[in-house]
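Visitor: Hi, can you walk me through this one? I'm new to reading structures.
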Amino acid sequence: MNILVILGLTMPSISDTEVKNIEVAAGLNGVVTVASSIGDAMELAQDSEVILGHVPLPLLQRAPKLKWVHSASSGVDIYGYSEFRDSEIVLTGEKGLVGGHLADHGFALLLTMTRNLKRAIKLGSEGWDRRAELRAQEIELDGLTLGILGFGGTGQAMAKRGRAFGMSCLAVDNNKIEGNDDVTEVWGLDSIPKLLSLSDVVAICLPLTPQTQGFFGDEVFSQMRKGSFLINVTRGEIVDDKALQRALDSGHIQGAGLDVHTIEPMPANHPFWNYENVVMTPHTAGASQLRSGRNIDRFVQNIGRWRANEELLGVYDKQAGY
């Protein structure tokens with residue numbers, strides 16, 4: 001088994017112990033090579049049968065023996081190119097492992113809006129003269145309804161935190177998923193208008209697919225409850241920026257917390273920078289001190305499963321895109 005590990009943004013380093021664990025899992029005939037970048041990997045991929053990391057098309061073309069990729073990202077829309085999607089290469093990754101820190105970030109964005117933190121921080125010492133005004137605009141989450149689109153790992157983590165804040169949680173998903181202590185029943189996609197109309201906060205927890213791209217347009221925003229908030233920590237292309245701008249300008253929605261954007265990097269002249277009720281971060285929700293280690297541990301488990309011809313963990317449906 002010839003394994004190539006490629007470091008990058010979501011997996012910037014790997015310890016000697018983690019490399020050793022991969023080597024042990026690969027067995028006596030296993031070969032493990034670590035590349036510090038995609039560029040370095042291009043020179044090392046010729047004999048690679050397994051890659052842990054990102055595999056863009058130019059790298060795939062350099063890896064004729066490749067049988068299995070374990071992705072270093074939770075969203076796998078980057079593998080949507082036909083040469084990979086339609087191949088026999090198996091795709092696994094950290095599916096279900098990243099929900100916690102994405103949900104933490106989603107609630108950080110939400111609380112920044114509901115507790116008026118952006119304005120208070122911007123005012124600095126002047127905020128003491130504006131206390132009454134700031135306090136009058138603050139909102140408590142207890143008793144509000146959180147509507148979650150997509151009840152995978154991220155959606156479930158959002159619901160867990162929502163319940164802890166005293167919120168009622170609703171969810172929809174295109175798969176049949178059993179409810180839990182946080183969401184008693186997961187509705188089908190035909191219930192999206194109902195969920196939107198009932199929710200004070202709408203959290204996008206969807207993968208980017210042809211079906212979800214641009215899904216949040218004028219019609220969907222019109223179905224949201226007036227005065228509600230939008231949170232997006234998965235993929236920016238799911239939201240039509242112009243439609244969101246119109247929903248904000250009309251006052252139909254009260255605010256938006258965005259970690260992901262239709263254009264990345266977000267240009268300095270984008271109008272959302274000037275909106276007091278829009279809170280944005282530069283696609284950093286995916287960061288966690290635990291993320292890389294969790295994914296490497298899963299990869300090590302999967303090597304053993306691969307060698308034993310057992311079902312792998314975190315398998316993605318390449319055609320579906322998640």
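Predicted model: local features only at pLDDT ≥ 70, side-chain atom pairs only at ≥ 80, totals over all residues.

Visitor: Where does H283 lie?
Guide: H283 sits in the loop between strand 12 and helix 12. Its phi is near 55°, a positive value in a residue other than glycine.

Visitor: Is H283 buried or exposed, or in between?
Guide: H283 is partly exposed, at 34% relative accessibility. Buried means under 20% relative accessible area, exposed means over 50%, and partly exposed is in between (1.4 Å probe, protein chains only).

Visitor: What about N116's phi?
Guide: That one is near 60°, also positive in a residue other than glycine. N116 is in the loop between helix 5 (99–114) and helix 6 (117–123). N116 is buried, with a relative accessible area of 12%.

Visitor: Which residues does the cis peptide bond join?
Guide: E264 and P265, with omega about 0°. P265 belongs to the loop between strand 11 (253–258) and strand 12 (278–280).

Visitor: New topic. How do helix 1 and helix 12 pack?
Guide: Helix 1 (residues 16–26) and helix 12 (residues 291–307) pack at about 10°, and their axes are 9 Å apart. Helix 1 is therefore roughly parallel to helix 12. Axes are lines fitted to C-alpha atoms, for helices over the stretch in contact, and angles run from 0 to 180 degrees between N-to-C directions. Under 35 degrees is roughly parallel, over 145 roughly antiparallel, 65 to 115 roughly perpendicular, and the rest oblique.

Visitor: Which residues meet there?
Guide: Among them are I22 and V24 in helix 1, and F299 and V300 in helix 12. Contact means heavy atoms within 4.5 Å.

Visitor: How many residues are in the largest nonpolar core?
Guide: It has 30. Such a core is a set of buried Ala, Val, Leu, Ile, Met, Phe, Trp, Tyr and Cys residues joined through side-chain atoms within 4.5 Å. F216 is one of those with the most contacts inside it.

Visitor: Which helix gives the most to this core?
Guide: Helix 11, with four residues. There is also a second, separate core of 28 residues, including L102 and L141.

Key:
Residues numbered from 1 in each chain as written. Heavy atoms only, no water. Helix = DSSP H or I, 4+ residues; strand = E, 2+ residues; numbered from the N terminus.
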